[in-house]
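Welcome! Please take a look at the sequence and the 3D structure below, and then we can walk through a few of the details together.

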Amino acid sequence: MSRDVAVARPSLLKTVARIWLGASLLLAGAGHLTWARTEFLAQVPKWVPLDADFVVLASGVVELVLGAALLFARRQRTQVGWVVAAFFVAVFPGNISQYTNGISAFGLDTDRARFIRLFFQPVLVACALWSTGAWAAYRASKRSSDATPSAGAKRQDIG
């Protein structure tokens, strides 16, 4: 039995979601470096031990790289999905900080709007994992490893 897992061609919906996510990251990354820099500065929590402007610029570069990877790194698509999902988790404290400190940015000028926004971050994580096939690949690898008994786990019948 071959250990290679055939990778199915992604559905049109997954492809559209991945392209949307990649384009959104490219746009956000460009915004970090240019027109929306001040808005992004408002989201850097005060407890981050780095210069806030550095955090904004560095995260903008990361977003540009991740956006491009979502669009163009076909062979590494599942790995990119995991990295993008991890990035969305890593920047979530900025959204929490914006809510808890009542900071208005990106048109989020009420506590209600800032609170509702918190629920979109898990959606982005799920979109990254689903649209890249990362979650499906993980589940397939778990099924494959569960179906293959390890050498030390062979059953012996006692007669």
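Over residues 80-99 the chain is 100% helix and 0% strand, with 29 Å between the end C-alpha atoms. Keep in mind as you read that this is a predicted model.

Where does that stretch come from? UniProt, in an unreviewed entry, gives the feature "transmembrane region" at residues 12-34, 54-73, 80-99 and 119-138. Residues 12-34 are 96% helix and 0% strand, and their end C-alpha atoms are 33 Å apart.

## Two salt bridges

Side chains of opposite charge can pair when their charged atoms come close. How many salt bridges are there here? The count is 2.

In one of them, Asp53 meets Arg37 at 2.6 Å, N to O. Asp53 belongs to helix 3 (residues 52-72) and Arg37 to helix 2 (residues 37-41), so this pair ties together parts that are 16 residues apart in sequence. Asp53 is partly exposed at 25% relative accessibility, and Arg37 is partly exposed at 27%.

Another links Asp111 with Arg114, whose closest N and O atoms are 2.8 Å apart. Both residues sit in helix 5, 3 residues apart, or about one turn of the helix.

## Helix 5 beside helix 6

Helix 5 (residues 111-118) packs against helix 6 (residues 120-131) at an angle of about 25°, and their axes are 4 Å apart. That angle makes helix 5 roughly parallel to helix 6.

Which residues touch? From helix 5, Ile116, Arg117 and Leu118 meet Phe120, Gln121 and Pro122 of helix 6. By class, this contact has 4 nonpolar, 1 polar and 1 charged residues.

Note on methods. Residues are numbered from 1 along each chain as its sequence is written. This is a predicted model: local features need pLDDT of at least 70, side-chain atom pairs count only at pLDDT 80 or more; totals for chains, interfaces and linings use all residues. Side-chain values use heavy atoms; hydrogens and water are left out. Axes are lines fitted to C-alpha atoms, for helices over the stretch in contact, and angles run from 0 to 180 degrees between N-to-C directions. Helices (H or I, at least four residues) and strands (E, at least two) are DSSP runs, numbered from the N terminus. Angles under 35 degrees count as roughly parallel, over 145 as roughly antiparallel, 65 to 115 as roughly perpendicular and the rest as oblique. Contact means heavy atoms within 4.5 Å. Ala, Val, Leu, Ile, Met, Phe, Trp, Tyr, Cys and Pro count as nonpolar, Asp, Glu, Lys and Arg as charged, and the others, Gly among them, as polar. UniProt positions are given in the numbering used here, feature names are shortened, and annotations may be inferred rather than shown by experiment. A salt bridge is a side-chain nitrogen of Lys or Arg within 4 Å of a carboxyl oxygen of Asp or Glu. Buried means under 20% relative accessible area, exposed over 50%, partly exposed in between (1.4 Å probe, protein chains only).
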